[in-house]
Amino acid sequence: MRDFGTEVREDIYREMLLPPRFRLPISYEGWKKRARMTLDPLAFDFLEYGAGAGDTVRANREAFYRWRILPRLLVDVSHRDLSVSLFGHTYPFPVFLAPVSRQRLFHPEAELASARAAAKLGVPFILSTLSTCSIEEVAAVMGGAPRWFQLYWGKDPDVTASFIRRAQAAGYSAIVVTLDIPADGWRERDLQNDFIPLRFGWGVGNFLTDPAFLRKLALPPQIDPQAAVQKAYQIWNNPGLTWDDLDFLRKQTRLPLMIKGLLHPKDAALALKKGIDGIIVSNHGGRYLDGAVAALDRLPGVCEVVKGRIPVLMDSGIRGGSDVIKAISLGAAAVLVGKLYAFGLAAAGERGVYQTVRNIIADTDITMGNAGQTSISNLDRFLLRSGNDVDD
């Protein structure tokens, strides 16, 4: 059990001895500022802003502010265990890399840089369906490191089945099915900017390398690239799906199937009934439904329904180590970060991704120790207090 937080803090002090141009930010706001300086304004707006007026984005952060940590004293925290176990695998840290689409908008090495950083840390990298680099290209740079595949369940069942088969063949160990955007969100910045990345060919790497998709085209992409991009744009999503359709996915693979984007306890009960293997409580970071409930607020209710029968993970609004501790104390088995590492990718490629994720893990470790806790697996609701709690 390494003292990971102290190790990283010492690394940061050493990095501060470098000339200023080689130093990287520490805080979330610092990474965002550096990304804004680096990115094309249209790409930055796509990454930074949520749907509508941004009410869901704000709600996600406000939910974390409502919970406070109540630390214990005189606990031996010299040895701390951050490891988590999911689906028969043990990972060293409870922070995973969420699926972030179209990463070449943020850096030329795109998903390959992010995947290499995740591999160095030993935590799962979740590859988006709408990636620039293909399922196989990402697998090649990761070797035996853990990786999951995020599926946007599209209108063409042949392509959907082909994506799943490719992921399984390339060593991905879980399928994460994102179901919270039956319609593309009302994203005011992107509308104002006339910016529709997928329609412009950003994020079609998996389609252009898929045999089932290529068979659907009248002409090869090399001859008519615009037609291929338009076809991908037409089929990538499917608003007509129902719970009954989940049987189709189960027939395609024996890998663990996770649902991402679940918020309602009744949907958690339906997921259990359908034999889903895991849930990710998420509102997509507020990117597609404005005015939605905060993901953290819904986490305890979902966990109450699940009662430990399958893992429940969480994302949306996580910025620092105390957020990780709060989410896990409220029932999450692990958390996903997305925008944070995308800022790191924009700022410094693989090094930026590695350091953003490394830093939040170190912050988690130190926060856990200062709260008087020795193991991620021991965190529970009794560590937290809200405004309605009676002090004890």
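Residues are classed as buried when the relative accessible area is under 20%, as exposed when it is over 50%, and as partly exposed in between (1.4 Å probe, protein chains only). The structure is a predicted model, in which local features need pLDDT of at least 70, side-chain atom pairs count only at pLDDT 80 or more, and totals for chains, interfaces and linings use all residues. Residues are numbered from 1 along each chain as its sequence is written, and side-chain values use heavy atoms, with hydrogens and water left out.

Salt bridges were examined with the following criterion: a side-chain nitrogen of Lys or Arg within 4 Å of a carboxyl oxygen of Asp or Glu. Side chains of opposite charge can pair when their charged atoms come close. The structure holds 24 such salt bridges. In one of them, Lys32 pairs with Glu29, with 3.5 Å between the closest N and O atoms. Both residues belong to helix 2 (residues 28-38), and because they are three residues apart, about one helical turn separates them. Helices (H or I, at least four residues) and strands (E, at least two) are DSSP runs numbered from the N terminus. Glu29 is partly exposed at a relative accessible area of 47%, whereas Lys32 is buried at 15%. Glu29 and Lys32 also belong to a network of salt bridges that includes Glu48 and Lys339.

Arg61 pairs with Asp323, the closest N and O atoms being 3.0 Å apart. Arg61 lies in helix 4 (residues 55-66) and Asp323 in helix 15 (residues 321-329), so the pair ties together parts that are 262 residues apart in sequence. Arg61 is buried, with a relative accessible area of 17%, and Asp323 is buried at 4%. A salt bridge also forms between the side chains of Glu350 and Lys120, at 2.7 Å from N to O. This pair links helix 16, which holds Glu350, to helix 5, which holds Lys120, across 230 residues. Glu350 is buried at 17% relative accessible area, while Lys120 is exposed at 58%.

On a 1 Å grid over the protein atoms alone, a cavity is a set of points where a 1.4 Å probe fits but cannot get out, and a pocket is an open set with protein on both sides within 12 Å along at least five of seven lines; lining residues have an atom within 4 Å of a point. Grid points are joined across faces, edges and corners, and a volume is the space filled by probe spheres set on the points.

The largest pocket contains about 500 Å³ of space. It is lined by 24 residues, and Leu179, Asp180, Trp243, Gly261 and Asp267 are the closest to its centre. Strand 8 (257-262) and helix 13 (265-273) each provide at least two lining residues, with strand 8 giving the most, four. The pocket lining comprises 13 nonpolar, seven polar and four charged residues, where Ala, Val, Leu, Ile, Met, Phe, Trp, Tyr, Cys and Pro count as nonpolar, Asp, Glu, Lys and Arg as charged, and the others, Gly among them, as polar.

Two cavities of 30 Å³ or more were found. The largest cavity holds about 480 Å³. Its lining has 29 residues, with Pro99, His284, Arg287, Gly338 and Lys339 nearest the centre. Helix 3 (41-48), helix 4, strand 6 (147-152), strand 11 (335-337) and helix 16 each give two or more residues to this lining. The lining of the largest cavity divides into 13 nonpolar, ten polar and six charged residues. The second largest cavity has a volume of about 50 Å³, and the residues lining it include Tyr152, Lys155 and Trp236. Helix 7 (residues 157-169) contributes the largest share of that lining, three residues.

Most residues other than glycine have a negative phi, and most peptide bonds are trans. Leu74, although not a glycine, has a positive phi of about 55°, and Ala110, also not a glycine, has a positive phi of about 50°.
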